[in-house]
Amino acid sequence: VPTGPATSQMPAPSSPNAATALTKPRAGGMPMRRVLVLNCGGTIGMQDTAHGYACGPPGFLSGICRSVPMIHDPAFDLAPHLDAVDAASRGDMLVTPVGEFGTRTLFRIVDYDPLLDSSNMTEKEWVRIASDIAAAYDAWDAFVVLHGTDTMAFTCAALSLFLHNLAKTVVVPCSQIAAAHRSRAALPSSSPPTLSSR
């Protein structure tokens, strides 16, 4: 079990999809914050269907975020702000508009496979999340773990034990309304982007 960035042997990323996002070096002098979003599942990233909420296909939540101007600025030119590894996966990168403190945040959403209802989360998933954060620790400024509501408290408790002496933020949000819901009630309507940081 990882014990945070101070561990002598960093755990390997949990999947090929995660490996692409988690092991890249940090670009020197990048003038914006970098946030890695680990999408474990839960309502916030689900599709709103005629039969209720259902997990979307890979990239579904990223597509939703791209369509919301409060979350992603499509007019911003990312190229000067990406290192060689980032540039290879440029299509997966998103960037917020200028936030309250005059900064932008570069972020990427990594979808876990499979996406899980939080009632199906076990200690195996807790270790996976902690391992991915540990493996990505040097490359990103902060981490967001998207999670369902049912067992979020248990996951947070487990992560607090697995990840020691952190100097970076780990946020575990959840929602009872999907971001894709026609009301868009799960998304900010008038406040600055929630991923904006100092």
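Predicted model: local features only at pLDDT ≥ 70, side-chain atom pairs only at ≥ 80, totals over all residues.
D92 is partly exposed, at a relative accessible area of 35%.

The partner of D92 is R108, and the closest N and O atoms of the two are 2.7 Å apart. R108 sits in strand β5, while D92 sits in the loop between α3 and β4. The two are 16 residues apart, and the pair links distant parts of the chain. Where D92 is partly exposed, R108 has 4% relative accessibility and counts as buried, because the cut-off for buried is under 20%.

How many salt bridges does the structure hold? The count is 2.

The other one I will go through joins the side chains of R104 and D73, at 2.8 Å from N to O.

Buried or exposed, what is R104? R104 is buried, its relative accessible area being 18%. D73 is likewise buried, and its value is 18%.

Now the surroundings of D73. A polar atom of the D73 side chain lies 3.1 Å from the backbone nitrogen of A75. Leaving out residues up to four places away in sequence, D73 touches V95, T96, P97 and R104. R104 in that list is the salt-bridge partner already described.

To recap: the pairs are R108 with D92, and R104 with D73.

Technical notes:
Residues numbered from 1 in each chain as written. Heavy atoms only, no water. Salt bridge = Lys/Arg side-chain N within 4 Å of Asp/Glu carboxyl O. Buried < 20%, exposed > 50% of the residue type's maximum accessible area, 1.4 Å probe, protein only. Helix = DSSP H or I, 4+ residues; strand = E, 2+ residues; numbered from the N terminus. Polar contact = N/O pair within 3.5 Å; in protein donor to acceptor, adjacent residues only side chain to side chain. Contact = heavy atoms within 4.5 Å.
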